[in-house]
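User: I am new to this structure and would like to learn how to read its features one at a time. Please give the general idea first and then the case at hand.

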Amino acid sequence: MATLINKKGFTLVEIMIVVAIIALIASLAIPGLLRARLTASEAAATANLKNIRDACINYYSSLTPPNYPPNLATLGAAVPQYIDNSLSSATGAGNPKQGYFYIYNRVNNFQFTCTAVSIVAGGRQFFVDESGVIRLNGAGGNPI
(Lines give C-alpha, C1' and ligand atoms only; values in the text may rest on other atoms or scores of the structure.)
Protein backbone atom coordinates (compact mmCIF):
# COMPACT_ATOMS: atom_id res chain seq x y z
CA MET A 1 0.00 0.00 0.00
CA ALA A 2 1.38 3.34 -1.05
CA THR A 3 1.63 6.07 1.54
CA LEU A 4 1.08 9.68 0.59
CA ILE A 5 3.68 12.11 1.84
CA ASN A 6 2.11 15.44 2.80
CA LYS A 7 4.73 18.15 2.22
CA LYS A 8 3.97 21.61 3.56
CA GLY A 9 5.82 24.81 2.66
CA PHE A 10 6.88 26.82 -0.34
CA THR A 11 9.30 25.92 -3.07
CA LEU A 12 12.29 28.10 -3.86
CA VAL A 13 10.71 29.23 -7.13
CA GLU A 14 7.55 30.40 -5.36
CA ILE A 15 9.56 32.39 -2.84
CA MET A 16 11.65 33.97 -5.61
CA ILE A 17 8.50 35.04 -7.48
CA VAL A 18 7.07 36.68 -4.33
CA VAL A 19 10.37 38.52 -3.69
CA ALA A 20 10.44 39.73 -7.31
CA ILE A 21 6.88 41.06 -7.04
CA ILE A 22 7.69 42.89 -3.79
CA ALA A 23 10.82 44.41 -5.37
CA LEU A 24 8.80 45.59 -8.38
CA ILE A 25 6.17 47.24 -6.18
CA ALA A 26 8.87 48.92 -4.07
CA SER A 27 10.67 50.24 -7.16
CA LEU A 28 7.42 51.89 -8.26
CA ALA A 29 6.48 53.34 -4.86
CA ILE A 30 9.78 54.68 -3.49
CA PRO A 31 10.32 57.52 -6.04
CA GLY A 32 6.81 58.80 -5.35
CA LEU A 33 7.44 58.79 -1.61
CA LEU A 34 10.72 60.66 -2.03
CA ARG A 35 9.03 63.28 -4.23
CA ALA A 36 6.25 63.69 -1.67
CA ARG A 37 8.83 64.30 1.05
CA LEU A 38 10.62 66.91 -1.08
CA THR A 39 7.32 68.66 -1.83
CA ALA A 40 6.45 68.71 1.87
CA SER A 41 9.85 70.23 2.71
CA GLU A 42 9.34 72.95 0.10
CA ALA A 43 5.88 73.75 1.45
CA ALA A 44 7.31 73.99 4.97
CA ALA A 45 10.09 76.30 3.74
CA THR A 46 7.62 78.71 2.11
CA ALA A 47 5.45 78.65 5.25
CA ASN A 48 8.53 79.41 7.37
CA LEU A 49 9.41 82.32 5.07
CA LYS A 50 5.89 83.69 5.57
CA ASN A 51 6.36 83.38 9.34
CA ILE A 52 9.71 85.18 9.15
CA ARG A 53 8.23 87.94 7.02
CA ASP A 54 5.27 88.39 9.40
CA ALA A 55 7.60 88.42 12.40
CA CYS A 56 9.78 91.07 10.75
CA ILE A 57 6.75 93.25 10.01
CA ASN A 58 5.54 92.90 13.62
CA TYR A 59 9.02 93.71 14.94
CA TYR A 60 9.24 96.70 12.59
CA SER A 61 5.85 97.99 13.76
CA SER A 62 6.69 97.66 17.45
CA LEU A 63 9.72 99.96 17.42
CA THR A 64 10.05 103.73 17.38
CA PRO A 65 11.70 104.62 15.06
CA PRO A 66 10.74 101.55 13.03
CA ASN A 67 13.45 99.22 11.74
CA TYR A 68 13.84 95.57 10.86
CA PRO A 69 15.68 93.13 13.16
CA PRO A 70 19.43 92.67 12.65
CA ASN A 71 19.13 88.84 12.54
CA LEU A 72 16.78 85.92 13.11
CA ALA A 73 18.15 85.33 16.61
CA THR A 74 16.70 88.69 17.66
CA LEU A 75 13.22 87.51 16.64
CA GLY A 76 13.64 84.29 18.63
CA ALA A 77 15.08 85.99 21.72
CA ALA A 78 12.41 88.68 22.03
CA VAL A 79 9.84 88.46 24.83
CA PRO A 80 7.32 87.43 23.63
CA GLN A 81 8.99 85.59 20.77
CA TYR A 82 8.20 86.56 17.21
CA ILE A 83 9.35 83.14 15.89
CA ASP A 84 10.23 79.90 17.66
CA ASN A 85 13.81 78.99 18.57
CA SER A 86 14.05 76.15 16.04
CA LEU A 87 13.40 78.62 13.22
CA SER A 88 15.53 81.44 14.61
CA SER A 89 18.50 79.07 14.97
CA ALA A 90 18.13 77.43 11.52
CA THR A 91 20.74 79.71 10.00
CA GLY A 92 23.23 77.16 8.69
CA ALA A 93 23.42 73.79 6.99
CA GLY A 94 24.42 72.21 10.31
CA ASN A 95 21.11 73.20 11.94
CA PRO A 96 18.33 73.04 9.34
CA LYS A 97 14.60 73.06 9.96
CA GLN A 98 12.62 70.62 7.81
CA GLY A 99 15.38 70.35 5.21
CA TYR A 100 16.07 74.08 4.85
CA PHE A 101 18.16 76.74 6.51
CA TYR A 102 17.55 80.48 6.29
CA ILE A 103 19.87 83.32 5.34
CA TYR A 104 18.53 86.61 6.71
CA ASN A 105 20.00 89.97 5.73
CA ARG A 106 18.88 93.39 6.93
CA VAL A 107 19.71 95.63 3.98
CA ASN A 108 18.91 98.80 5.93
CA ASN A 109 16.35 99.90 8.53
CA PHE A 110 13.57 99.69 5.93
CA GLN A 111 14.53 96.61 3.89
CA PHE A 112 15.40 92.96 4.54
CA THR A 113 15.84 89.76 2.55
CA CYS A 114 15.55 86.13 3.61
CA THR A 115 16.47 83.10 1.54
CA ALA A 116 15.50 79.50 2.29
CA VAL A 117 18.31 77.20 1.14
CA SER A 118 17.77 73.45 0.75
CA ILE A 119 20.28 71.12 2.37
CA VAL A 120 19.65 68.70 -0.51
CA ALA A 121 22.00 69.25 -3.45
CA GLY A 122 20.01 70.66 -6.35
CA GLY A 123 17.04 71.56 -4.13
CA ARG A 124 15.07 74.68 -4.86
CA GLN A 125 15.69 77.92 -2.98
CA PHE A 126 13.03 80.44 -2.01
CA PHE A 127 13.32 84.17 -1.32
CA VAL A 128 11.21 86.79 0.46
CA ASP A 129 11.70 90.46 1.24
CA GLU A 130 9.61 93.17 2.89
CA SER A 131 7.12 93.04 0.00
CA GLY A 132 5.97 89.61 1.24
CA VAL A 133 6.13 87.98 -2.20
CA ILE A 134 7.82 84.60 -2.02
CA ARG A 135 9.95 83.94 -5.09
CA LEU A 136 11.82 80.97 -6.41
CA ASN A 137 15.54 81.70 -6.56
CA GLY A 138 17.24 81.16 -9.89
CA ALA A 139 20.84 80.52 -10.82
CA GLY A 140 23.30 82.27 -8.56
CA GLY A 141 20.67 82.88 -5.89
CA ASN A 142 19.01 85.71 -7.82
CA PRO A 143 15.24 85.98 -7.33
CA ILE A 144 13.16 85.11 -10.38
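This is a predicted model: local features need pLDDT of at least 70, side-chain atom pairs count only at pLDDT 80 or more; totals for chains, interfaces and linings use all residues.

User: How is a sheet read, and in which order do the strands stand here?

Analyst: Strands of a sheet pair through backbone hydrogen bonds, in either a parallel or an antiparallel sense. Helices (H or I, at least four residues) and strands (E, at least two) are DSSP runs, numbered from the N terminus; two strands pair if DSSP finds at least two bridges between them. Here four strands form an open sheet in the order S1-S2-S3-S4, with antiparallel pairing. S1 and strand S4 (135-136) are at the edges, each with a single partner strand, so one side of each has no neighbour in the sheet.

User: How many bridges join S1 and S2, and which residue stands opposite Tyr-102?

Analyst: S1 and S2 are paired antiparallel over eight bridges, and the residue opposite Tyr-102 is Ala-116 in S2. These two strands form a hairpin, with two residues between them. S3 and S4, also antiparallel, are joined by two bridges; there Phe-127 has Arg-135 in S4 as its bridge partner.

User: What is a salt bridge, and how many are counted?

Analyst: The term is used for a side-chain nitrogen of Lys or Arg within 4 Å of a carboxyl oxygen of Asp or Glu. By this rule there are four salt bridges. One of them joins the side chains of Glu-42 and Arg-124, at 2.9 Å from N to O. Glu-42 is in helix H1 and Arg-124 in the loop between strand S2 (111-118) and strand S3 (126-129), so this pair ties together parts that are 82 residues apart in sequence.

User: Are Glu-42 and Arg-124 buried or partly exposed?

Analyst: Buried means under 20% relative accessible area, exposed over 50%, and partly exposed in between (1.4 Å probe, protein chains only). Glu-42 is buried, at 7%, whereas Arg-124 is partly exposed, at 39%.

User: Which residue forms a salt bridge with Lys-97?

Analyst: The partner of Lys-97 is Asp-84, with the closest N and O atoms 3.3 Å apart. This pair links distant parts of the chain, 13 residues apart: Lys-97 is in the loop between H3 and S1, and Asp-84 in the loop between H2 and H3. Lys-97 is buried, with 17% relative accessible area, while Asp-84 is partly exposed, with 36%. Arg-53 and Asp-54 also form a salt bridge, their closest N and O atoms being 3.8 Å apart.

User: How is a pocket found, and which residues line the largest pocket?

Analyst: Rolling a probe the size of a water molecule over the atoms shows where empty space is left. On a 1 Å grid over the protein atoms alone, a pocket is an open set of points where a 1.4 Å probe fits, with protein on both sides within 12 Å along at least five of seven lines; lining residues have an atom within 4 Å of a point. Grid points are joined across faces, edges and corners, and a volume is the space filled by probe spheres set on the points. The largest pocket has a volume of about 170 Å³. Its lining consists of Leu-34, Arg-37, Leu-38, Ser-41, Gly-99, Tyr-100, Ser-118, Ile-119 and Val-120. Helix H1 (residues 12-62) gives the most to this lining, with four residues.

User: What does Ser-41 touch?

Analyst: Contact means heavy atoms within 4.5 Å. Ser-41, in helix H1, touches Gln-98 and Tyr-100, not counting residues up to four places away in sequence. Ser-41 is buried, at 18% relative accessibility.

Notes
Residues are numbered from 1 along each chain as its sequence is written. Side-chain values use heavy atoms; hydrogens and water are left out.
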